[in-house]
Amino acid sequence: MPDIKHFDPDETLDTVVRLFWRRGVATTGVQDIVTATGLNRSSLYATFGGKQELYLAALHRYRERRSRPMFRRLAEGDHGLPAVAEFFDSLITVRCSGEYARWGCMVANAHAGAENGDPDVRAVLDRHHQELRDALHTALTAAETRGQLAAGTDPEAAADLLALLAYGVNLRSRAGADAQALRRTVTAALDSIGRSPLA
C-alpha cells in the first residue's frame, strides 16, 4: 500500500515559512515545527527532510511568493522613480504595520543570521539580491530615460545603493523603527539621485 499523506504539504510549508520568518532558524527547533504544523516528526522528515532542508524549502517559498511579486511590480512598466518610491513605500508599510509588522524580511534576516554560513542558503541569498538589484536597475534606467535622475547619476551604482537601503529598511523595521523615520531616509536617498516622488 502506498503511503497516503493526510495533510497538505503546501499548507504545511506556508506555516513553516511564517515560523522561520518570525522566529529565525537558530531559535526554532523541530519540536516547534511539530507543534505549529500539528504533524509528527516522521511525517515531516518523510516529506521535507530534516530541519535544514525544511528551512531551505521555506526560504525558496518566501522568495517565490513574497519577494518576486514585489520585484516584478518594480521592474514592469516605465514609470521610473515613482515605481522605486512605490516599492519602498509598500515595503515600509508591510514591515511596520499589519500581521507581519516587526518580522522583517525572511531573506534579510538570513543575511544577518548564522544560517548564511550554509552554501545552499548563501546561494539563495545571492540570487535574491541579484533579482532585487536587477529590478531596481530596470526602474532606474527607465527613470534616466524619462529625465528623472540628477545629472551624473549612474543607474548601476544607484541600484546597488538602493538595494542596500532595502535591506536596511527590513532590518531596522524588525528592530521597531518608526515608519515615518524610514520614509524620511528613503526620501533623502531618492532626493540624492533625482526628484523624490515621496517629497
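**Ground rules.** I number residues from 1 along each chain as its sequence is written, and I keep in mind that side-chain values use heavy atoms, with hydrogens and water left out. Because the model is predicted, local features need pLDDT of at least 70 and side-chain atom pairs count only at pLDDT 80 or more, while totals for chains, interfaces and linings use all residues.

Beyond its neighbours within four places in sequence, Leu162 is in contact (heavy atoms within 4.5 Å) with Val84, Phe88, Leu136, Leu140, Ala189, Leu190 and Ile193.

**α5 and α8.** Helices here are DSSP runs (H or I, at least four residues), numbered from the N terminus. I found that the axes, lines fitted to C-alpha atoms over the stretch in contact with angles from 0 to 180 degrees between N-to-C directions, of α5 (residues 81-96) and α8 (residues 155-174) come within 9 Å and cross at roughly 15°. That makes α5 roughly parallel to α8, a term for angles under 35 degrees. Among the residues that meet are Val84 and Phe88 in α5 and Leu162 in α8.

**α4 and α5.** I then noted that the axes of α4 (residues 51-75) and α5 come within 8 Å and cross at roughly 150°. Tyr62, Met70, Phe71 and Leu74 of α4 make this contact with α5 residues including Val84 and Phe87.

Note on methods: Helix = DSSP H or I, 4+ residues; strand = E, 2+ residues; numbered from the N terminus. Parallel < 35°, antiparallel > 145°, perpendicular 65-115°, else oblique.
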